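Look at the fold first, then at the space inside.

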Amino acid sequence: MIYLNNAATTIQKPPEVAQAVVAAMAGAGSSARGASADDLAAARSVAGARVHLARLFGFSHPERVIFTMNATMALNIALFGLLKPGDHVITTDFEHNSVLRPLHELERRGVIGLDYVRADAAGRLHTEELEGLFRPNTAAVVATHASNLTGALTDAAALAASAHAHGARFILDAAQTAGALPVDAAALGADIICFTGHKALMGPQGTGGLLVAPDVELAPLILGGTGVKSADPFQPASWPEHLEAGTLNSQGIAGLDAAVGVLLDVGVEHVAAYEARLRERFCAGVGDIPGITVYGAHDGQAHTGVVALNLAGMDSSTLADRLAQDFGIATRAGLHCAPRMHAALGTLEQGAVRFSFCWYTSASDIDAAVSALREIARARR
C-alpha cells in the first residue's frame, strides 16, 4: 500500500517511536502518582517531552505545554476555557470541525457572537476582510495554520498582529503544520497553539496538546486528580496541573517525545522543503491529465504537502476506491471535516480526493499516484 493519507494520520513512524512506547509500557510507572523509581522515570519522561516540544515550537515555558489526546481536545480546552458570555470571535472558512463545532456550540448557547473571514472558489482566504469584522467585544481570532483540504497556508503572524491590535487573543490550530513546517510561537505571536501528535509530528495516536502563553489564563475544561494538592477542593492554579486532570498517557507521550527528537535532529525546515518538492512533482504530473481539477493551487500561495483534486464525471469516493482497490494507493475522499472550505470551492456535493505526503513519502510513490490517475482518466473517456 502506498499511503498518501498523512494529513489524517502518519502510518510510517521513525522506529524510535515504537521503541519508546514499548520501553515505557515495560518500565514506566505513573507520572506524578508515586515516588518509586518507575513512577519517577515516568514523571521525568513527561517533563522531558514538555521541554523538547517547547524547543520545537520556539516556546520558552515548558510548564505551559499541556498534554491532551489530540488537537480537537486541545482546541476545546482553549475555546471553552478562554471565551466568556458576551464575547465575539472571528474565525475563517479554512477551519476544520475541531474549531467550527465548538464555536457553533458556544454560539448556539448564546455565549459568543461569531464571524468568518471568507474563502473564495479559488481557495484564497480574503484576509483583507478581517479588519472590518472586529467589534469592541472581540475576544479571539481563531485560525488554522494550513487548510487540511488544500494545504494552503494562512498568514498566521498577520492574523495574530491584527488580533493583538484590537486587544484580542490569537489561537492557532497547528494540527496540519506541527512537524511539517517550522511553527515558532514567538515569531507567529500566537497566544495559544494547539497541535496533535499523530500527523506530521509522527507520534502515536492519542497524543497532542496546547501551548499557552504565560499571560493567558484558561478555565479548566476537565477537573479531577492531578497528583498534587489533593486536599484542595478546586483544580490547582499551578501549571501544567491546572489543565491536566487525570493520569496522562505516558506511554504515548514517550513515543511522541521520540518523534520530536527525530524532528529536532533532522530539522523541520528540511522536512518542509522535502514535502514541498513532492507536492510540486505531484502537481506537475497531474497538470496535463484531462478532467483533473486541483483545488487551491494558485500561484504565490504557500502550501503543506497536501493536494485536493477531482476527476470530472466521477464521484470523489469512487475515485478514491479505484485508487485503493486497483492501485494500492490510500487517499481520503469526502468533505474532510471542512464543510465551509468545500462550500467555498463548490465541492460540497462531490467532495474531493485528498493526497497528503509526509517525510517517508518517496518520489516513486508520487509517480505511482500520478500514473494511476492518468490511467483512471484514460479509461473513463
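Two strands count as paired if DSSP finds at least two bridges between them. The model is predicted.

Q: In what order do the seven strands of the open sheet run?
A: The sheet is open and its pairing is mixed. Neighbouring strands are turned by 20° against each other on average, direction ignored. The order is 2-8-7-6-5-3-4.

Q: Which are the edge strands?
A: An edge strand pairs on one side only.

Q: Which residue of strand 4 stands opposite V89?
A: Strand 3 covers residues 87-92. Strand 3 pairs with strand 4 in the parallel sense, over six bridges. Opposite V89 stands L114.

Q: At about what angle does helix 4 run to strand 4?
A: Helix 4 spans residues 97-108. It lies across strand 3, strand 4, strand 5 (138-144) and strand 6 (169-173). Its angle to strand 4 is about 145°.

Q: How much space lies in the largest cavity?
A: Rolling a probe the size of a water molecule over the atoms shows where empty space is left. With a cut-off of 30 Å³ or more, the count comes to one cavity. The space in the largest cavity is about 100 Å³.

Q: How do the residues lining the largest cavity divide into nonpolar, polar and charged?
A: The lining holds 14 residues. N6, A7, Q176, A200 and F357 lie nearest the centre of the cavity. The lining divides into seven nonpolar, five polar and two charged.

How values were computed. Residues are numbered from 1 along each chain as its sequence is written. This is a predicted model: local features need pLDDT of at least 70, side-chain atom pairs count only at pLDDT 80 or more; totals for chains, interfaces and linings use all residues. Side-chain values use heavy atoms; hydrogens and water are left out. On a 1 Å grid over the protein atoms alone, a cavity is a set of points where a 1.4 Å probe fits but cannot get out, and a pocket is an open set with protein on both sides within 12 Å along at least five of seven lines; lining residues have an atom within 4 Å of a point. Grid points are joined across faces, edges and corners, and a volume is the space filled by probe spheres set on the points. Ala, Val, Leu, Ile, Met, Phe, Trp, Tyr, Cys and Pro count as nonpolar, Asp, Glu, Lys and Arg as charged, and the others, Gly among them, as polar. Helices (H or I, at least four residues) and strands (E, at least two) are DSSP runs, numbered from the N terminus. Axes are lines fitted to C-alpha atoms, for helices over the stretch in contact, and angles run from 0 to 180 degrees between N-to-C directions. Contact means heavy atoms within 4.5 Å.
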